[in-house]
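Me: I would like to learn how to read the contact between two chains in a model of this kind. Could we begin with the terms and then turn to the case itself?

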Protein chains: 2
Amino acid sequence: MTNTSASNINQQWRLAERPTGMLDESTFARHDEPLPTAGPGEILVRNCYLSVDPAMRGWLNDIPSYVPPVQIGAVMRAHTVGQVVESNHPRFTPGDFVSGPGDWQDYYVPRQEALSGHGDPGFAVTQVPPGAQPSWSLGVLGLTGLTAYFGLLDVGRPHPGDTVVVSGAAGATGSVVAQIAKIAGCRVIGIAGGEDKCRWLTDDLGLDAAIDYKSERVRRRLRELAPNGIDVFFDNVGGPILDAAIARIAQGGRVVLCGAISMYNATALPPGPATYVQLIGQRARMEGFIVFDYADQYDIATQRLFDWVNDGRLKVAEDIQEGFDNIPAALIGLYSGANLGKRVVHIADPPIA
Amino acid sequence: MTNTSASNINQQWRLAERPTGMLDESTFARHDEPLPTAGPGEILVRNCYLSVDPAMRGWLNDIPSYVPPVQIGAVMRAHTVGQVVESNHPRFTPGDFVSGPGDWQDYYVPRQEALSGHGDPGFAVTQVPPGAQPSWSLGVLGLTGLTAYFGLLDVGRPHPGDTVVVSGAAGATGSVVAQIAKIAGCRVIGIAGGEDKCRWLTDDLGLDAAIDYKSERVRRRLRELAPNGIDVFFDNVGGPILDAAIARIAQGGRVVLCGAISMYNATALPPGPATYVQLIGQRARMEGFIVFDYADQYDIATQRLFDWVNDGRLKVAEDIQEGFDNIPAALIGLYSGANLGKRVVHIADPPIA
């Protein structure tokens, strides 16, 4: 389906209805618009890769959160990487690869504040670093990598020698967190679903151990693998895995709340972690964060991440899906753990060679 | 029953059996021992007031925690205030009032490390400050006041103008927390059970508002009273009240986990706070602490608390029960909220005038 759209059509996926529980094929609807044009001071971007992220589920509820809800009838909000095809802005030249708030569509004209960097830091248009694969700007060099970096290092504050446990360790954020924790000198245990993912974590990413929550008893394995307790637990999952990890938190331990993928599609709020009382006796802390708050440090963090990729210390794990039609299915698949690493959807090759 | 024990008998309450669920009259058993004697370098203390504390419930479970479990057959562990009646130690003179690890009994001979201050900081023998009522050393000037002080100021870190919500606000720790938060320039809302307690919080302690969880809907009242969210929630209670408070946590808010009295007697672990996911979007933190970790700052904090008492800014709220026979019942009453302020049991007047 790649590159087949007529050049004067901008294909879009729009929010058709607010989902109850799990997303399905009626959640989003296809829509065709005329191509937008770049006015004075503006640019036109051809999207090549679109992001799908577990957190998107939360944006579909009509509840104020760290970002406003996506409105019914609006193009689905998403980060994208694309190529500048027209530019009336001094910072951009046709052919540049940029990441930004491109949404689930073929083309977009970023708003002025996204170009100037004065708007919401999570939605700025930025150049893909020279030498990087464009798609990396949605993963290891984008908000995913930055989320892993600041969540682990600033909220989790690992010390060398600490035992760090990561849930969703084979996912987009988790796989970067686990590798940064290794770089920081920690003992790292990943929790993931399935033997293949677990083998990948230990054999390819170099984790010290992995727990397959689908076939193993997580509490018992954590007891065996973290006999002195967990110093940092980085949670992408919530539910019983969070409960099990708090039950083994070490004195002064830190629980980093990044996400709760097990709960995003629940129709009623599932019970919280019953073991939270352990935080008292263990003088431990559980803390949430939003990566946007670190916008003033994005540049240095991106550079560090890129250095580690270039050194071979940080492996890039991408799960690239194909085709504009497949975007909703690519998102839905995240909630059953279909992905290994960061999932993106490739919708077009760059038009300018 | 006060002062009627024969002078050569040391009455004790010992742990008779590990409770399942709520404590009852078979949990503790009376026992008489001969009077202990003070050896070289030791002192003999006549206990006058004994402490009863909600956290004691946790010490009765056979589970390692921030203190070791009380063993079956052992005298029940408790802080006490008493008078030195014999001294072979240079720091103490007969007639001195001291607080320390006196347990539920008439007399005790503290261990050497409790006298020297080199043992566990929670179990040191210390002089009651001159000018203070001896019983205050179990409450506002003891571990209760110190718990309120460090939990609120060091973990909660309130700023002037913050909205601070305290659960168990009419209890021993909560009533001190709420008053320190007022001294720190905060808007303070207390949650307590019953109209009388709520009136006492606003009219006597000067809180800005109080919520009666027995007759009011806590979530709705928090929405009305904290329209911009809760900056600091100091939790002594757990359960649905914790859930309701997290649901309204402000951006960057702090949940101080001090206790969970609603859960201490549960036979199965109740569900945790389902609203914990709010901590992510609000970049909020939930953190436990144990007062013993602040032992090196006890002196300055006790002085501050005493200054505030002397200034009339911190009201001392004591609930004094009478008689050695009534100690277990005094403890059990805490779990139904029978107390207003810090409950202690008076078992004897000081023998030395």
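Predicted model: local features only at pLDDT ≥ 70, side-chain atom pairs only at ≥ 80, totals over all residues.

Reply: A polar contact is a pair of N or O atoms within 3.5 Å, where within protein one must be able to donate a hydrogen and the other to accept it, and residues adjacent in sequence count only if both atoms are side-chain atoms. Residues are numbered from 1 along each chain as its sequence is written, chains are lettered from A in the order in which they are written, and side-chain values use heavy atoms, with hydrogens and water left out. Between chain B and chain A, 6 residue pairs are in polar contact, both residues being at pLDDT 80 or more.

Me: Which elements of chain B each supply at least two residues of the side that touches chain A?

Reply: Helices (H or I, at least four residues) and strands (E, at least two) are DSSP runs, numbered from the N terminus. On chain B, α7 (239-246), α8 (278-281) and β13 (285-288) each supply at least two residues of that side, and β13(B) gives the most, with 4 residues.

Me: How does β13 of chain A pair with β13(B)?

Reply: Two strands pair if DSSP finds at least two bridges between them. Here β13 of chain A (residues 285-288) and β13(B) pair in the antiparallel sense over 3 bridges, with A:Met286 standing opposite B:Met286.

Me: How much area do chain B and chain A bury between them?

Reply: The size of an interface is often given as the accessible area lost when the parts come together; buried area is that loss (1.4 Å probe), summed over both parts. Chain B and chain A bury about 2,400 Å², 68% of it on carbon and sulfur atoms. B:Tyr276, B:Ile280 and B:Arg283 supply 29% of the area that chain B buries against chain A, more than any other three residues.

Me: How many salt bridges does the rule find across the interface?

Reply: A salt bridge is a side-chain nitrogen of Lys or Arg within 4 Å of a carboxyl oxygen of Asp or Glu. The rule finds 2 across this interface, and B:Arg283 forms a salt bridge with A:Asp293, the closest N and O atoms being 2.7 Å apart.

Note on methods
Buried area = accessible area lost by both parts, 1.4 Å probe.
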